[in-house]
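Me: Got a model open here. Can we go through it piece by piece?

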Amino acid sequence: MTRELLLRLIAAIITVESGGDPAAVGDSGLAVGVMQIHPCYVADVNRIVGREQFALDDRTSPAASVTMFLIYIGHYCTPARIGRAVTAEDIARIHKSGPNGYKKPCSIKYWKKVEKTMAFP
């Protein structure tokens, strides 16, 4: 995936998730920030990096949220893990629905929203 496509994907996910509002709260208070990150996502990212690098409050920081996202997808969105080249759809669906989100039918509707948002300049 090109850097340009990844940046467009990140921007689309932020638009879909929060409209760009770092103070956004959803999912009955569990999802926070521009990327609507849950506590389990933060814990998983900290597990991946091998230390307590991020706190729950970091979800309100757009920069920290994007960094967590990049760590998460860097770990779960690999050709070796998925069994083929990774697509923007795989990344969005894993972000939304966890490590196996790319297989879950419930994440298709989310991907369609992200894809539609990416289509606009």
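Reply: First, a term: buried means under 20% relative accessible area, exposed over 50%, partly exposed in between (1.4 Å probe, protein chains only). This is a predicted model: local features need pLDDT of at least 70, side-chain atom pairs count only at pLDDT 80 or more, and totals for chains, interfaces and linings use all residues. Residues are numbered from 1 along each chain as its sequence is written, and side-chain values use heavy atoms, without hydrogens and water.

Me: Tyr72, buried or exposed?
Reply: Tyr72 counts as buried, because its relative accessibility is 5%. Tyr41 is also buried, at 6%.

Me: How do the rings of Tyr41 and Tyr72 pair?
Reply: They are stacked, 4.0 Å centre to centre with 20° between the planes. Rings of Phe, Tyr and Trp (its six-membered ring) pair with centres within 6.5 Å; planes under 30 degrees apart are stacked, over 60 edge-to-face, the rest tilted.

Me: Where do the two sit?
Reply: Tyr41 is in helix H2 (residues 39-49) and Tyr72 in helix H3 (residues 62-76), 31 residues apart. Helices are DSSP runs (H or I, at least four residues), numbered from the N terminus.

Me: Which residues form the aromatic cluster?
Reply: Tyr41, Tyr72 and Tyr76.

Me: New topic. Which residues of H1 meet H3?
Reply: Leu6, Ile10, Ile13 and Ile14 in H1 meet Val66, Phe69, Leu70 and Ile73 in H3. Contact means heavy atoms within 4.5 Å.
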